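Student: I would like to go through the assignments made for this structure and ask what each of them rests on. May we take them one at a time?

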Amino acid sequence: GFRPTAGQQFTVLSSSGLSGSIAEVLGPGRYGVANVGNEVVVTVLNGIGDTNCDGFVTVGDISAFVTALIDPEEYVQDYPNCEIDTADVNADGFVTVGDIGAFVTMLTGS
């Protein structure tokens, strides 16, 4: 399936006249939302698997991933600018041992 990566941008709404704004986007990962002219643009801040929120999915994410898996409260304390759902690598809505295989696949590329 599709896995957004940090820095990707998507126009989710375009109109000749926009009013109001979108406050947040929910889903695995972290997103920024901005009204740009007559468009609403979503920017991926931290994609799925980027559990330390440095913008990349690398072996540096392993410790944060394990913390999210075994101690969600500690994860929130240790990574206050991250969302724990970056560890929901299989995108089922939960951070569980079921995410381990998908996380390893992301890291190894196989």
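Student: What makes T67 count as buried?

Tutor: This is a predicted model, and in it T67 has a relative accessible area of 12%. Buried means under 20%, so T67, at 12%, is classed as buried. T67 is part of helix α1. Leaving aside residues up to four places away in sequence, T67 touches P72, E74, Y75 and D78.

Student: Which other residues of α1 are buried, and what do they pack against?

Tutor: A64, F65, A68 and L69 are listed with T67 as the buried residues of α1. The buried residues of this helix pack against α2 and α3.

Student: Why is I62 called partly exposed?

Tutor: I62, also found in helix α1, has a relative accessible area of 36%.

Student: Are C53 and C82 buried or exposed?

Tutor: C53 has a relative accessible area of 19%, and C82 has 12%. Both values are under 20%, so C53 and C82 are each classed as buried.

Student: What is known of the largest nonpolar core, and which residues have the most contacts inside it?

Tutor: The largest nonpolar core has 13 residues, and those with the most contacts inside it are F65, Y75, Y79, C82 and V89. At least two residues of this core come from each of α1 and α3. The largest share, four residues, is supplied by α1. As for Y75, its contacts, not counting residues up to four places away in sequence, are T51, A64, T67, A68, C82, E83, I84 and T86.

Student: What makes G49 a buried residue?

Tutor: G49 has a relative accessible area of 0%. That value is under 20%, so G49 is buried. G49 sits in the loop between β3 and α1. Not counting residues up to four places away in sequence, G49 touches V57, D61, T86, V89, F103 and M106. The C-alpha atoms of G49 and A64, which are 15 residues apart along the chain, are separated by 9.7 Å.

Student: Why is D85 classed as partly exposed?

Tutor: D85, in the loop between α2 and α3, has 24% relative accessibility. Since 24% falls between the limits of 20% and 50%, D85 is classed as partly exposed. D85 and D50 are 35 residues apart in sequence, with a C-alpha to C-alpha distance of 9.7 Å.

Key
Residues are numbered from 1 along each chain as its sequence is written. This is a predicted model: local features need pLDDT of at least 70, side-chain atom pairs count only at pLDDT 80 or more; totals for chains, interfaces and linings use all residues. Side-chain values use heavy atoms; hydrogens and water are left out. Buried means under 20% relative accessible area, exposed over 50%, partly exposed in between (1.4 Å probe, protein chains only). Contact means heavy atoms within 4.5 Å. A nonpolar core is a set of buried Ala, Val, Leu, Ile, Met, Phe, Trp, Tyr and Cys residues joined through side-chain atoms within 4.5 Å.
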